[in-house]
Amino acid sequence: MPLGTIERKPPAFFKHGMSSLSKLVVFSILSVVLMVADVRYGVTQPLRATISLLLYPMEWLSMRPQWLFDVAGRFFEGRDDAQAQVQAMTLKLQQQALRSGQVEQLALENLQLRRLLELRERLTSSTLAAEVLYDSADPFTRKVVIDKGALQGVQPSSPVMDDAGVLGQVTRVMPLVSEVTLVIDREQSIPVLNVRTGARGVAYGEAGGAPLLELRYMAANADIEVGDLLTTSGVDAIYPPGVPVAVVVKVERRAESVFARILCQPQGRVQGARHVMVLEPLGKQVPARPPYERPSTLPIKGGPR
Amino acid sequence: MIMPRGQQLLLPANPWFIFLSLLSAQLLNMVLNMLLVGNAAWAPDFLAVVLVFWCVHQPQRVGIGVAFFFGIFNDVQHSSLLGQHALSYTVLGYCAVLIHRRLLWFKEPSQSLQVLPLFVLAHVLELSVRMLSGSLFPGWWILLAPVLEALAWPLVSVFLLAPQRRAPDPDENRPL
């Protein structure tokens, strides 16, 4: 029998192992314990880091189609060039049109990179250039994965920005990659400053799931208008001050509410950023708070003698 | 084992093939995520389909434990709550083992109709866990995911049973 038609040795007659129901109960309890450990105590990071390292070859492999498309695109472009040189002038004209399109694209990329460099000069914190690999597959959050991790010196809670503004914050660092929670995530908040009025506030990700920010807890009669630019205020000791965050796009003042509902459009390209910068959290540079001195106890009038 | 009349006797499944099919389902999910759909809520989870398939066809080899461990790996890859997929895959595995004797008496289209409630249950579990932990509601497109998974069932069945449908004694005139 070439392929081996006998399944395997017959199943044990008396020894059956755990029943399906008990397996269900055991593994369900285990998953619930893991979830609680993850959310409440945050002790699962070593497990995550280990599994992430194991998964890295698969991630590398699954990014190959993209890479292959790029390489194939370059190959066929090169062949087109060669053909165009051989062929007549009519084709050359067409190719020049194609080229001019590419030049525009390259000029745009150059401009973006130059802006990034300028931004780095303006900021004092040390930076690390990174590339966005992919959107995290979890539909319940707004995260992206970047190609720098703990081995390259990324620290948790580092701010991440592109050339236009703040993008988000590093929330989980794996050995080779890190996860960046975008500012539009519902659980992400960022202290901002209204450039026109100087009023400070806190912007949160919009709860409805749209790629917007919501400036909460501003009084209904607060001086805020559509088109106001919000920048980081720098009071949080994480983000450097003065980086653009968002522009107000909608102000809703309702009679029944004490607070206005203010929606803002993020300035960083939260959908489709490619080249980003990871900054060192400012907290490392801010001098430590002076030690708390216990006020000397004054002798109490009429106290014990 | 009593079998439906006219059903082909299958060759034994290769354990390596089972393992590789699970890995490639995970890979397919990742490629879909990175290349095409991003973090869309309606994206079908092929790993769940392949897990249910093997739990139904080879319950001695792939069961609740394997489903649990693949769930953990999926959680880390998704960067979701650790244990979310593990819980839903555990329940999927249990339900698949429950219905595995009955399911194989039906043709593939009616099978996919019968596994649809399993996938719905898995997605409802994931959704409720995330809602309880205070995450964003991903939108009603999430209802499409179990339907797409059930629609993928016949295709997955044809692909994964192909090696077992080879002839037991291949020769020159009949290589497959």
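Two residues are in contact if their C-beta atoms, placed from the backbone, lie within 7 Å. By that rule, 44 residues from chain A and 44 residues from chain B make up the contact between the chains. This is a predicted model: local features need pLDDT of at least 70, side-chain atom pairs count only at pLDDT 80 or more, and totals for chains, interfaces and linings use all residues. Residues are numbered from 1 along each chain as its sequence is written, while chains are lettered from A and ligands numbered from 1 in the order in which they are written.

**Chain A side of the contact**
- Helices (H or I, at least four residues) and strands (E, at least two) are DSSP runs, numbered from the N terminus.
- Elements giving two or more residues to this side are α1 (20–41), α2 (45–62), α3 (64–86) and β1 (127–135) of chain A.
- The largest share, eleven residues, comes from α1(A).
- By class, the side of chain A that touches chain B has 20 nonpolar, twelve polar and twelve charged residues.
- Here Ala, Val, Leu, Ile, Met, Phe, Trp, Tyr, Cys and Pro count as nonpolar, Asp, Glu, Lys and Arg as charged, and the others, Gly among them, as polar.

**Chain B fold**
- Chain B has six helices and zero strands.
- The C-alpha trace of chain B spans about 60 × 30 × 25 Å along its principal axes.
- Buried residues (20 or more other C-beta atoms within 10 Å of their own, C-beta atoms placed from the backbone) make up 42% of the 176 residues in chain B.
- Among contacts in chain B between residues at least 6 apart in sequence, 70% join residues at least 24 apart.

**Nonpolar cores**
- A nonpolar core is a set of buried Ala, Val, Leu, Ile, Met, Phe, Trp, Tyr and Cys residues joined through C-beta atoms within 7 Å.
- The largest has 44 residues, and A48(B), V50(B), L51(B), V52(B), C55(B) and L92(B) have the most contacts inside it.
- α1 of chain A and α1 (15–37), α2 (46–57), α3 (64–78), α4 (84–103), α5 (108–132) and α6 (144–161) of chain B each supply at least two residues of this core.
- Its largest share, eleven residues, comes from α2(B).
- A second, separate core of 40 residues includes M174(A), I224(A), V248(A) and A273(A).

**Barrel in chain A**
- Six strands close into an antiparallel barrel in the order β6-β7-β8-β11-β10-β9.
- Strands pair if DSSP finds at least two bridges between them.
- β10 (residues 244–252) and β11 (residues 261–266) of chain A pair over six bridges.
- A246(A) stands opposite P266(A) in β11(A).

Note on methods
Buried ≥ 20, exposed ≤ 12 C-beta atoms within 10 Å, placed from the backbone.
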